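Open the model in your viewer and keep the selection tool at hand. This tour goes stop by stop.

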Amino acid sequence: MTETVSDRFRGRRIVVGIYLAVVALAGVFGAAVGVLLPVESGRDIQEASIAGLEFAVTPLNFAVYGVVMVGVGLGVLLLAVRFVSRFDDDAVDGN
């Protein structure tokens, strides 16, 4: 049986692809904030604090923060959806 394009790009693969794209985009936006924050604020900002976490203002730190926060938040949500979908009697097995 040959695999069609619609078979290859459905279900979990699309969700995982979108998840990875959103996490990567969070890293890019975090790096942009790390670059623009000291420039646009006009002040000499050396450290930032978000939710009790203190870290130096660098593009890498903001990128890591964005990737971790979005990755964990969306990951937990996707795992919850996957867990709940086990109890759906009408679900289609999408491999």
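Here is what to select, and what is there.

This is a predicted model, so local features need pLDDT of at least 70 and side-chain atom pairs count only at pLDDT 80 or more, while totals for chains, interfaces and linings use all residues. Residues are numbered from 1 along each chain as its sequence is written, and side-chain values use heavy atoms, with hydrogens and water left out.

**Stop 1: the whole chain.** Color by secondary structure. The chain has three helices and two strands. From the N terminus on, the order is α-α-β-β-α. Helices (H or I, at least four residues) and strands (E, at least two) are DSSP runs, numbered from the N terminus. Of the 95 residues, 14% count as buried. Buried means under 20% relative accessible area, exposed means over 50%, and partly exposed lies in between (1.4 Å probe, protein chains only).

**Stop 2: the helix pair.** Select residues 12-41, helix H2. Two packed helices are described by the angle between their axes and the distance between the axes. How do H2 and H3 pack? Their angle is about 150°, with the axes 7 Å apart. Axes are lines fitted to C-alpha atoms, for helices over the stretch in contact, and angles run from 0 to 180 degrees between N-to-C directions.

**Stop 3: across the pair.** Select Leu 20 in H2. Leu 20 counts as exposed because its relative accessibility is 52%. Its C-alpha is 9.8 Å from that of Val 67, 47 residues apart along the chain. Next, take Leu 25, also in H2. Leu 25 is partly exposed at 44%. Gly 66 is 41 residues apart from Leu 25 in sequence, yet 8.8 Å apart, C-alpha to C-alpha. Now go to Pro 59 in H3. With a relative accessible area of 33%, Pro 59 is partly exposed. Between Pro 59 and Gly 30 there are 6.8 Å, C-alpha to C-alpha, and the two are 29 residues apart in sequence.

**Stop 4: a surface patch.** Select Leu 60, Val 64, Val 68, Met 69, Val 72 and Val 76. Together they make a nonpolar surface patch of about 560 Å². Patches are made of residues with over 30% relative accessible area and no salt bridge; like charges are joined within 9 Å, nonpolar side chains (Val, Leu, Ile, Met, Phe, Trp, Tyr) within 5 Å. A salt bridge is a side-chain nitrogen of Lys or Arg within 4 Å of a carboxyl oxygen of Asp or Glu. Is Val 76 buried or exposed? Val 76 is exposed, at 53% relative accessibility.

Technical notes:
Areas by Shrake-Rupley, 256 points an atom, 1.4 Å probe, with all protein chains shown as cover.
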